[in-house]
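Have the model open while you read.

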Amino acid sequence: MRIRIVDAFTDRPFAGNPAGVLLLDDVFPEDDWLQNIAMEVNHAETAFAHRLPGGGAADWALRWFTPVTEVAMCGHGTLATAHVLHTTGAHEGPVRFATRSGVLVAAPGADGSITLDFPTAPLTPVEVPAGVAEALGAEPVATFDTGENVGDLLMELADEKTVLGLSPDMKSLGAYSSRGIIATARADDPSRGHDFVSRCFFPNVGIDEDPVTGSAHTALAPYWAARLGRDELTGLQASRRTGHVRTALRGERTLLTGRAVTVIEGDLRL
């Protein structure tokens with residue numbers, strides 16, 4: 001069985017968000033096996049996919065695991081899987097994935113990019129939970145629940161500098177949402193190629209800081225589209241690795257566009 005490490009939402013190695021990708025010959029093995037592989041890979045996500053019979057609503061079944069748990073939706077793992085399918089010739093054209101979040105489509109572009117069609121996260125204003133500002137290290141300007149698929153609190157901060165300077169208390173931060181916190185702010189200088197910045201902290205799923213988070217951008221896209229007055233935007237996720245996500249809000253769906261590069265390929269010996 002071939003296993004690949006793919007850097008997603010980037011066009012160069014050692015940037016973006018790395019994901020393990022395994023294309024399975026048959027149905028998914030036992031959950032314990034999948035979880036152990038994800039623990040061994042030890043990246044934010046490992047994606048497992050197998051081909052489905054023709055004529056159905058989807059072409060491939062897809063699941064994602066962090067080193068400690070399965071998740072309901074993962075953007076960079078989906079992008080990485082689509083990249084592997086297209087670069088290996090396992091699938092041509094748009095690919096439909098059957099997932100816990102419904103059917104998700106990944107369409108290759110002529111420029112080498114891949115566009116994901118994901119459900120837009122519902123944003124519900126909430127009161128700032130007591131103690132979260134101290135755990136995060138900054139006072140939120142506004143706070144929103146992002147719904148069950150994403151499972152985060154989205155918090156707008158004062159400015160880009162504040163987001164870049166965060167050093168949260170991860171142990172305390174995990175008490176405030178099912179997955180974690182999305183911290184975001186308007187870009188200080190949009191001429192640098194991005195409209196907003198974000199950082200994502202997910203201690204509850206074993207990821208202190210996720211390098212680039214596609215699922216978070218299903219909440220960031222509607223949030224910033226409403227504030228900036230444009231449906232098509234570019235987000236910079238300002239982790240140490242960094243990565244860009246182009247977003248296009250289409251009502252109940254959000255399009256996420258990025259690139260990917262395979263960095264490691266080898267044999268899984270079990």
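Contact here means heavy atoms within 4.5 Å. By that count, and leaving aside neighbours within four places in sequence, Phe-97 is in contact with Ala-58, Trp-60, Leu-62, Thr-78, Thr-81, Ala-82, Leu-85, Gly-102, Val-103, Leu-104 and Ala-106.

A word on provenance: this is a predicted model, where local features need pLDDT of at least 70, side-chain atom pairs count only at pLDDT 80 or more, and totals for chains, interfaces and linings use all residues. Residues are numbered from 1 along each chain as its sequence is written, and side-chain values use heavy atoms, with hydrogens and water left out.

**Cores**
- A nonpolar core is a set of buried Ala, Val, Leu, Ile, Met, Phe, Trp, Tyr and Cys residues joined through side-chain atoms within 4.5 Å; buried means under 20% relative accessible area, exposed over 50%, and partly exposed in between (1.4 Å probe, protein chains only).
- The largest such core has 50 residues, and Phe-97 and Leu-116 have the most contacts inside it.
- A second, separate core has 17 residues, among them Ala-135, Leu-157, Leu-173 and Ala-183.

**Loops**
- Helices (H or I, at least four residues) and strands (E, at least two) are DSSP runs, numbered from the N terminus.
- Asp-59 sits in the loop between β3 (45-51) and β4 (60-65), and counts as buried because its relative accessibility is 17%.
- Not counting residues up to four places away in sequence, Asp-59 touches Arg-51, Leu-52, His-91, Pro-94, Val-95 and Arg-96.
- Phe-14, in the loop between β1 (2-8) and β2 (17-24), isn't a glycine but has a positive phi near 70°; at 64% relative accessibility it's exposed.
- Asn-42, in the loop between α1 (31-41) and β3, is another non-glycine with positive phi, about 60°, and is exposed at 52%.

**Aromatics**
- Rings of Phe, Tyr and Trp (its six-membered ring) pair if their centres lie within 6.5 Å; planes under 30 degrees apart are stacked, over 60 edge-to-face, and the rest tilted.
- There are five aromatic pairs in the structure.
- Phe-48 and Phe-65 have ring centres 5.8 Å apart and planes at 80°, so they're edge-to-face.
- Phe-48 is in strand β3 and Phe-65 in strand β4, so this pair ties together parts 17 residues apart in sequence.
- Phe-48 is buried at 0%, and Phe-65 is buried at 2%.
- Tyr-223 and Trp-224 are also edge-to-face, 5.2 Å centre to centre with 90° between the planes, and both are buried.
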